[in-house]
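Thanks for coming. Please have a look at it first.

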Amino acid sequence: MNFHKLVLIGLLFQVFDINIVIDIIPDFIGFIIITYAFSKRQVRYASLGMYCSVILTISSFIEMWQQTISFYESTNLWAEIIAVVISSVNILYFACIFYVSKEILKIDNGIFPKLFIGAQILMQLVVTFSMHFPFDKAGLFLIPILFILFFFYIYFVVFLWKRKNIEKKIYKEIQAESY
């Protein structure tokens, strides 16, 4: 199965949260699928992406069982540090997806990956610093960035869908040449 299709399937597990007492579609399954996608590629940064995905799988599994941690009212310094590290790993994970995609298809990704990663970094900075302010003040920055990221994620799915079709076409051409 092609890399982009597996990443899309994994992303769907991460995006859709259906909870009936427990999470029916847990995020960690999506990360496992994406870990598998990285493991099947022998390009630069695929192994780094796989390791990031494994870390995010473990984090997601733990998070699924610890729903009592408040996102905005954290007084535990170690919890804040872990949240920043996991967010940084998540940004690196997305960068690996973009880089592996570029290596597989041998085409330029354009400016979108830089904008997407930049928005992720900006979001991490705002969330990290907003923990120290009341929500009414932090929300002035947080809500617009969440709105922007929502559209970036929609375009990320479109980006992956287009890449999936290009990869499928390249794979068919390679198969036709081998016969």
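Start with Cys-52, which counts as buried because its relative accessibility is 4%. Here buried means under 20% relative accessible area, exposed means over 50%, and partly exposed is in between, with a 1.4 Å probe and protein chains only.

Before going on, a word on the source. This is a predicted model, in which local features need pLDDT of at least 70 and side-chain atom pairs count only at pLDDT 80 or more, while totals for chains, interfaces and linings use all residues. Residues are numbered from 1 along each chain as its sequence is written, and side-chain values use heavy atoms, with hydrogens and water left out.

Back to the cysteines. How many disulfides does the structure hold? The number is 0. A disulfide, in general, is a covalent bond between the sulfur atoms of two cysteines. The cut-off used here is a pair of cysteine sulfur atoms within 2.5 Å. For Cys-52, the nearest cysteine sulfur is that of Cys-96, 5.0 Å away.

Now the whole chain. It has 6 helices and 2 strands. Both kinds of element are DSSP runs numbered from the N terminus: helices are H or I with at least four residues, strands are E with at least two. Reading from the N terminus, the order is α-β-β-α-α-α-α-α. The chain has 179 residues, and 37% of them are buried. Of the contacts between residues at least 6 apart in sequence, 70% join residues at least 24 apart. Contact means heavy atoms within 4.5 Å.

Helix 3 covers residues 46–65 and helix 4 covers residues 77–105; they pack at an angle of about 140°, with axes 9 Å apart. The axes are lines fitted to C-alpha atoms, for helices over the stretch in contact, and the angles run from 0 to 180 degrees between N-to-C directions. Are these two helices parallel, antiparallel, perpendicular or oblique to each other? Helix 3 and helix 4 are oblique. The rule is that angles under 35 degrees are roughly parallel, over 145 roughly antiparallel, 65 to 115 roughly perpendicular, and the rest oblique.

Helix 3 passes helix 4 in a left-handed crossing. Left-handed means that the near helix is turned anticlockwise from the far one by less than a right angle; right-handed means clockwise. Helix 3 brings residues including Leu-48, Cys-52 and Leu-56 to this contact, and helix 4 brings residues including Leu-92, Tyr-93 and Cys-96. By class, the contact has 11 nonpolar, 4 polar and no charged residues. Nonpolar covers Ala, Val, Leu, Ile, Met, Phe, Trp, Tyr, Cys and Pro; charged covers Asp, Glu, Lys and Arg; the others, Gly among them, are polar.

Leu-48 lies in helix 3. Its relative accessible area is 30%, so Leu-48 is partly exposed. Not counting residues up to four places away in sequence, Leu-48 touches Leu-92 and Cys-96. Leu-48 and Leu-92 are 44 residues apart along the chain, and their C-alpha atoms are separated by 8.6 Å.

Helix 1 has two contacts to show. The axes of helix 1 (residues 3–15) and helix 2 (residues 27–39) come within 7 Å and cross at roughly 165°, and these helices are therefore roughly antiparallel. The crossing is left-handed. The residues of this contact divide into 13 nonpolar, 3 polar and 1 charged. The axes of helix 1 and helix 4 come within 11 Å and cross at roughly 155°, which makes this pair roughly antiparallel as well. Phe-3, His-4, Val-7 and Gln-14 of helix 1 meet residues of helix 4 including Tyr-93 and Val-100.

Last, two backbone angles. Most residues other than glycine have a negative phi. Tyr-45, not a glycine, has a positive phi of about 75°, and sits in the loop between helix 2 and helix 3. Lys-106, also not a glycine, has a positive phi of about 55°. Lys-106 is in the loop between helix 4 and helix 5 (112–130). Tyr-45 is partly exposed at 32% relative accessible area, whereas Lys-106 is exposed at 64%.
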